[in-house]
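The structure is placed below for reference.

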Amino acid sequence: METILVAEGLKKTFSLSRKQQKLEKTNSKTKVAVDNLSFSAYKGEIFGLLGPNGAGKTTTLRMIASLIRPDQGDVVVDGFSVVKDPQKVRERIGFLTSELKLEDFFTPNYLFDFFSELYGIDPTTRNERKQKLFSRFGIEKFAEVKVANLSTGMKQKVSLAISLVHDPDIIIFDEPTNGLDVLTAKTVTDYLLELRNMGKSIILSTHIFSLVEKVCDRVGVVIDGRMAACDTLEQIRNGKSLEDRFFDIYSEMKGGNDE
Amino acid sequence: MNNNITTIIKKEFARFFGDKRMVFTTVIMPGLLIYIIYSFVVGGIRDTFESDKDYRPKVYVQQMPQLLQPMFEALEMDITDATTTDIESIKPLIENKDIELLVAFPTDFDSAMANYDISDSTLAAPNVLIYSNVTNMESGKAETVVRSILSSYEETICNKFNINALTDETANEEFNLATDEDFMGQILSAMLPFMLIIFLYSGCMAVAPESIAGEKERGTIATLLVTPMNRSHLAFGKIISLSFIALISGLSSFLGVILSLPKFMGSAMEGMPTNIYTTSDYLLILGIILSTVLVLISVISIISAYAKTVKEASTLVLPLMLIIMIVGIPSTIGGGNAQTAISWYFIPIYNSIQAMTGVFSFSYSLINVATTIAINIVYAAAFSYVLAKMFNSEKIMFAK
C-alpha cells in the first residue's frame, strides 16, 4: 500500500497559565499535549485516531494541517513536510474542525466562492463542484441564508463542503460528528465512506467507538499524547469489541497507577 | 495586484458595505452627528450669548458734561437725564435689569478736569461712577461702550501723537498687510491637521479591531490560515481594505466639520474667502492623508492581531490615541507654522501633521511633503510585514 502521510516523533508542549494550572491541578508550567507520536496513513484508507478528550488528538491533527508547528518531529504529507513546506501541505489537504468557523455575515454560496478563489479554482470547476456538493448535502435550500441563521447541522454541512472546495486528496476531520443530530451525523459518516470510495485518504479523530468501527480501516489509540496502539481495526479489536479493547489498552498504559 | 490580495479586499468590502448598520454607524453617523452638534448645538449656544442687534440699552446719566453730550447721543442707546434722581433709587432698577447702566459725572466735571494737575498729589482726579449689572449681558456691553468713549475722550484731551490715524493721506492705506487668504490659511492650518488626524484615527479604531481581533475571537481567521494563502497577502489585503473604509469614515467626520464651519464660526467667517487652495494643494493633502491612514491602520492591525478579543483591542488602542493627540496639539497652537528641517518628517504621525500644516498655511516644501508620504509608506510596509509574521505565529493567532 502506498503511504500518503507519515508522522514521525511528533511532540508538542503548551505553556499553562496560572488559571490553567489550577484547572489541571498541577504546578508544572507546561503540559505535554503530544509526546513522541508516530504513525503512517495509507492512500485510500480511513485512519482513525481514537482517544479520550484531552489525549492530544486535535493537537496532532492541527500539526498535520500545519496550523501549529511541532516542537519536535515532522509530518510528511504527500511528500511535503509540514515544517519546511507548510504552504504545499495546505494546498493538498482539506481540514474540518469545529474550531474553524465561517463568518456569520456571509451566505454558504458566497463563502464557497470566496474559498475557491483563495485556492485558485477557476469559476467553471468551482460552479460544478459547488453544484455537486451543495446538492449532496442539501445546501441548495439554504445557500443564500446567512451562516448566522443556520442550525449547527447546517453549518457543519457547509463547513464540510467548504473544506472540499479544492477537491483535496487528503482530508482531515476532527471529531466530524460531534454535536450533530443523528440524521446529520449519518450524512457525514456516509460521506466519509463515499470519499474513501473515490480514492481519497482520510484521517479522522474521534472518541466515538461506533464511528471507528463503522468507517475506519486502521486505528491509532492515543492516550496522554502517546500512541498506545496502532494497527488495522481487526488487529486492534483482537476478537473483542473495540470498546472492551480500548479499556484494556487504557489500563495497560496507565498501569493502574492512578485510575 | 496578487489575486489573493484582491480576494481579501473584495471580501472585506462585501462584509462592510453589505452591512447597512455598519455603514451607518461608521460612515454616516459620525459626520452627521458632528454636523448636528457643531451647527445646531454649539451654534445655538453661541446665539444665546449674542445679543439682539436692535436692542437699545437704557442708560441713566447724571450731570452730563456738555462736551460729551453729542458723543453719548450718537450711541445706539436710550439716554435719560437722571440728574435730579437719587443714585440709591436708581440702583434697584439696574439690579432688577429694568435699565442697563447709570453713569454719574461729578459736579463741574469739565472745570474739575481742567484744573486737575497730575503732578499735584493733593488734588484728586474727578471720578466718574458707572453702575452696571454683570449678570445682565446688555448691561455689560453698554458699560464697555461707555468706558471706551470716556477713555478716548481722555486721550483726545492729552493727545501727543497718533498711531495709524485716519487722515486724508492715510484714508486708503492698508496697514495690516496679511491677505485674507493668508489669514484664512492660518486659521485652517491651526485647526484642520489636528482634526483630520483625530478623525482618521477614530475611523481606523472603528474598523480594524473588529476585522482582525474580531475574526480571531470568532475563529474565522483560522479558517483563512488553513488555506495555502500567503500570510503577507492576507496582511496586505486587510490593511488596504481597512484603510479605505477608515478613510471614508474619517472623511465623513471631516466633512461634518467643514459643512458646519460657517455656522460654528458665525460672524467671524463673514466675508472671508472660502476657496483658497488649489487642486495641487488638495492632491498633496490627499496623498498625506492616504499614507497616514496606511500607517494608522497597520499599527492598529498589529495591536488587534495581538489582542485576544475586540474588547481588548479597543482598550489597547486608546493610549495610542492619547499619543496622537499630544503630537497634534503643538500644531494647533503653533499658528500654522510647519517645521522646516527635513529630519522632523521622518517621525510618523508628527510628519503628517506638520506636512498638512505646511500645505494649509501655504508654507510647505515639496521635499518635506514627499518625504512624509514616502516615509509613511515605508512604515506601513514594515508594519504589514510584522502583521504577516504575527499571522504566522501560532502563539499569537491561537492563544487562549
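My entries follow, beginning with the conventions.

**Conventions.** I worked from a predicted model, in which local features need pLDDT of at least 70, side-chain atom pairs count only at pLDDT 80 or more, and totals for chains, interfaces and linings use all residues. Residues are numbered from 1 along each chain as its sequence is written, chains are lettered from A and ligands numbered from 1 in the order in which they are written, and side-chain values use heavy atoms, without hydrogens or water.

**Entry 1, interface.** I found 23 residues of chain A in contact with 26 residues of chain B (contact: heavy atoms within 4.5 Å). The two chains bury about 2400 Å² between them, 60% of it on carbon and sulfur atoms; buried area is the accessible area, with a 1.4 Å probe, that two parts lose on being put together, summed over both.

I counted 4 salt bridges between chain A and chain B (a side-chain nitrogen of Lys or Arg within 4 Å of a carboxyl oxygen of Asp or Glu). One of them joins A:K12 to B:E394, at 2.5 Å from N to O. On the chain A side, helix 3 (86-92) and helix 4 (108-118) each supply at least two of the residues that touch chain B. Helix 4 of chain A gives the largest share, 5 residues. Helices here are DSSP runs of H or I with at least four residues, strands are runs of E with at least two, and both are numbered from the N terminus.

After the helix comes A:G199, whose phi is positive, near 95 degrees.

Most residues other than glycine have a negative phi. I recorded B:K97, not a glycine, with a positive phi of about 65 degrees. B:K97 lies in the loop between helix 4 (87-95) and strand 3 (101-104) of chain B, and is partly exposed at 41% relative accessible area. I also recorded B:F362, with phi near 60 degrees, in the loop between helix 12 (350-360) and helix 13 (366-391) of chain B. B:F362 is partly exposed, at 33% relative accessibility.

Technical notes: Buried < 20%, exposed > 50% of the residue type's maximum accessible area, 1.4 Å probe, protein only.
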